[in-house]
Amino acid sequence: MAYSTTNSKGVTYYLHGKTRTLKSGKQSTLYFFSKEVKEGALDSVPAGYVVSETKNGLPVLKKA
């Protein structure tokens with residue numbers, strides 16, 4: 001089951017992650033929220049991160 005959060009406006013967002021390889025060869029993971037469950041949905045918030053909300057109501061991940 002994908003991790004979901006509901007913002008102050010009542011809209012539900014689902015957490016996703018996408019791993020990419022940089023030019024240097026390192027792996028980097030991009031985390032984002034979407035209104036629909038898509039490929040790459042995560043079951044929980046990654047360790048060391050917390051979910052916050054912008055003033056516009058969009059959920060974001062911040063380092064703890």
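What share of the 64 residues in the chain is buried? Buried residues make up 20% of them. Keep in mind that you're looking at a predicted model. The chain has five strands and zero helices, so its elements simply read β-β-β-β-β from the N terminus on.

**The whole chain**
- Picture a box of roughly 40 × 25 × 20 Å along the principal axes: that's what the C-alpha atoms fill.
- The chain exposes about 4800 Å² of surface, and 49% of that comes from carbon and sulfur atoms.
- Take the contacts between residues at least 6 apart in sequence: 32% of these join residues at least 24 apart.

**The three-stranded sheet**
- Strands β1, β2 and β3 make an open sheet in the order β1-β2-β3, and the pairing is antiparallel.
- β1 (4–6) and β3 (27–34) each have a single partner strand and sit at the edges, so one side of each has no neighbour in the sheet.
- On average, neighbouring strands here are turned by 30° against each other, if you ignore direction.
- Eight bridges link β2 (residues 12–21) with β3 in the antiparallel sense.
- A bit of background: strands of a sheet pair through backbone hydrogen bonds, and they can do so parallel or antiparallel.

**The β4–β5 hairpin**
- β4 (residues 49–53) and β5 (residues 59–63) run antiparallel and are joined by five bridges.
- Here you can find Y49 bridged to K63 in β5.
- Five residues lie between the two strands of this hairpin, and G57 takes a positive phi near 95°.

**N7, a buried loop residue**
- You'll find N7 in the loop between β1 and β2.
- Is N7 buried or exposed? Its relative accessible area is 10%, and because buried means under 20%, N7 counts as buried.
- The N7 side chain reaches the backbone oxygen of G57 at 2.7 Å; G57 is the residue with the positive phi in the hairpin of β4 and β5.
- Setting aside neighbours within four places in sequence, N7 is in contact with Y13, E53 and G57.

**L22, a partly exposed loop residue**
- L22 has its place in the loop between β2 and β3.
- With 42% relative accessibility, L22 counts as partly exposed, because that value falls between the 20% and 50% cut-offs.
- L22 and D43 are 21 residues apart along the chain, and 25 Å separates their C-alpha atoms.

Methods:
Residues are numbered from 1 along each chain as its sequence is written. This is a predicted model: local features need pLDDT of at least 70, side-chain atom pairs count only at pLDDT 80 or more; totals for chains, interfaces and linings use all residues. Side-chain values use heavy atoms; hydrogens and water are left out. Two strands pair if DSSP finds at least two bridges between them. Helices (H or I, at least four residues) and strands (E, at least two) are DSSP runs, numbered from the N terminus. Axes are lines fitted to C-alpha atoms, for helices over the stretch in contact, and angles run from 0 to 180 degrees between N-to-C directions. Buried means under 20% relative accessible area, exposed over 50%, partly exposed in between (1.4 Å probe, protein chains only). A polar contact is a pair of N or O atoms within 3.5 Å; within protein, one must be able to donate a hydrogen and the other to accept it, and residues adjacent in sequence count only if both atoms are side-chain atoms. Contact means heavy atoms within 4.5 Å. Accessible areas come from the Shrake-Rupley method with a 1.4 Å probe; for residues, only the protein chains shown count as cover.
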